[in-house]
Amino acid sequence: MSAVTLTDIVKRFGTFTAVHRMSLEIPQGSFVTLLGPSGCGKTTTLRMIAGLLDPTEGDISIGGRRVNDLPIHRRNLGLVFQNYALFPHKTVADNVAFGLRYRDVPKSEIEGRVAKALELVQLPNLGARYPKELSGGQQQRVALARAIVIEPDVLLLDEPLSALDANLREDMRVELKNIQQRIGVTTVFVTHDQTEALAMSDRIIVMSEGRVEQMGAPEEVYNTPASEFVANFLGASNVLAAESTGVNGDEVGLTLPDFPTLAIPRDRAPRIAGAGPAKLVIRAEKLQVRPPGPVSNGAYSIDAKVEAVDYQGQSARYFLRAGQHQLQAINMIDERPLPAGADVSVSFRAKDCAALPPETRE
Amino acid sequence: MTIESRERRQPWILLSPALTAVTLLLIVPLLFIVVYSFWLRSAAGADTPGFHLDNWQNVLTDRFYRDILLNTLKIAGITTVFCALLGYPAAYFIARSRGNKLILLVLLMLPFWISYIIRTMSWINILGISGALNSALLALGIISEPVQMLYNEATVILGLVHFLLPFMVLNVYVSLEGIDINLEDAANSLGATRWQSFLQVTLPLSLPGLAAGGLLCFVLGAGTYITPVILGGPRDAMFANLVFEAIIRQLNWPLGSALSLALLAVLGALVLIYNRYLGMAQLAKGLG
């Protein structure tokens, strides 16, 4: 049974539609991420699940029970905010105990459960401090402890890591996922950070302008983007106008100027039905940039010129010109990158390509 | 000059105009008042310089002064309570309203564009014998003769609340604005109803603003002398009226000085107590 079900959810603010007819099932115990740029409706969706916003249309169920008319304080959800939202006038222990006091938990039990929750987030012995005496990372852990100590049916995380600095963010990412798996709570995570989404999720829901662009496992969304938006939002991609020559057995043929004729696997072009305009998508890290020379068997190759190099230590991002196309490639490098102005050969494999139909939007 | 010494001097250079003004216009006159309070007014009408404790003895022992001081503090206290009860919901409404906050704040400040005296006197047109309320009640047949509603303690308090309410609203508003809007949502998500999260989270966090507004209302209320003159009866004199009487009517500057210093001491003590527990920073926030 799914822990959270959204059925045909629409949210309008005045004439602006923030979420267009969204349906969604979140399996029990899974970690689902709503990913998208700001204004895509991901936070609005989270706030509707939380009960902080009412959907204009559609139904929300939690644990099989319709909760549209259930006020937030009776939904039994754990909510973690981007800015932590700790109560500044209460100690850490009182912050964590807050939810238990409204749940008929006997007083004798509260202390133990608070201590256990603080231990889970690796903050034992800090119960007597006030939030402002803690670092950002510690405050985030307290917020998490406060949300999970009530044993919520669903844990809702609204960009919980974005206020932390980069190193801490990566540590917390691992730890958050770890804690989630240990207590097995169904989790809905909202972020605009694709790395977080890919690293933590069982399922990613990519949203744009109030619509779901794609739902799927992280590898699926990353490798087979369902739209140009997804291709560009998750990492750097090259999206080039092409012409489909139609489906031929297990392959789809694609032609475009300055490229050899491509035959890409059918499952990488699920939405191409026949001949006609299409888009070729190749991830930047799948383009291999080498000095001109023979390429390995079965790989396509085109000639290009390096226009600019963005050196990043272990990798380099190349800005390339190949005939009429501008391409981006991100390659791991040894020692030094190829210099700007160099003539190079760019190779890629058929299975690293994906094809999309031209964008159609109602 | 080194950069360090220049940096140390700069604040003083920037402060000097204000410090000069405060010294010349506040501290020096205050010292005059202190000196005056030890002089004596002779029967002939001339002031006798010297160090006499007669005025102070008078002020500190005369039950008449003590009763009026207590009455003044009582009126200021009641006014402050009404300001808090009326001002808090208004401030909460403004702080939580979307979009039109600026208009609401301008509306709140609007009365300041009209003289305080005019505003106070306007109550005569409303509550007076031939005022709006009496006319309305007569027209409706609820009363057969005009009722005297003015010139009592209640109308003094009414006038003071009218005058001081914006100070309370502004102070509470500022402290409510400083509270993270997510805190109430967080409390709700943890199982608290809206009323419970208000009592547990918003109210305690806005107490500094409420206290700052309360202090302002109390101090301004206790120091007023125009409102009782316009809206009070003969028995509703407040402490500042005594100072006015002594200095302007009786031309007894030494006694008036001692009286005004006594009021200053009482209100100053209150401010010190407030500062001890809440700090002046909150007050500055509310005024800014």
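Reader: Does E151(A) count as buried, exposed or partly exposed, and how many C-beta neighbours does E151(A) have inside 10 Å?

Author: This is a predicted model. A residue is buried if 20 or more other C-beta atoms lie within 10 Å of its own, and exposed if 12 or fewer do. E151(A) has 14 such neighbours inside 10 Å, so E151(A) counts as partly exposed. E151(A) sits in the loop between α4 (136–148) and β7 of chain A.

Reader: What is the phi of E151(A) near?

Author: Most residues other than glycine have a negative phi. For E151(A), phi is near 50°, a positive value in a residue other than glycine. N76(A) also has a positive phi, near 55°. N76(A) belongs to the loop between β5 (65–66) and β6 of chain A. N76(A) counts as buried because 20 C-beta neighbours lie inside 10 Å.

Reader: In what order do the six strands of the open sheet in chain A run?

Author: Strands of a sheet pair through backbone hydrogen bonds, either parallel or antiparallel. Here the order is β6-β7-β8-β3-β9-β10, with mixed pairing. β6 (77–80) and β10 (211–216) of chain A are the edge strands, each pairing on one side only. β6(A) pairs with β7 (residues 154–158) of chain A in the parallel sense, over four bridges. L79(A) stands opposite L156(A) in β7(A).

Reader: Which residues have the most contacts inside the largest nonpolar core?

Author: In soluble globular proteins, nonpolar side chains tend to be buried together. The largest nonpolar core has 108 residues, and those with the most contacts inside it are V96(A), A145(A), L156(A), V188(A) and A355(A). This core takes at least three residues from each of domain 1 (2–223) and domain 2 (236–356) of chain A.

Terms used. Residues are numbered from 1 along each chain as its sequence is written. Chains are lettered from A and ligands numbered from 1 in the order in which they are written. This is a predicted model: local features need pLDDT of at least 70, side-chain atom pairs count only at pLDDT 80 or more; totals for chains, interfaces and linings use all residues. A nonpolar core is a set of buried Ala, Val, Leu, Ile, Met, Phe, Trp, Tyr and Cys residues joined through C-beta atoms within 7 Å. Domain bounds come from an automatic or database domain assignment. Two strands pair if DSSP finds at least two bridges between them. Helices (H or I, at least four residues) and strands (E, at least two) are DSSP runs, numbered from the N terminus.
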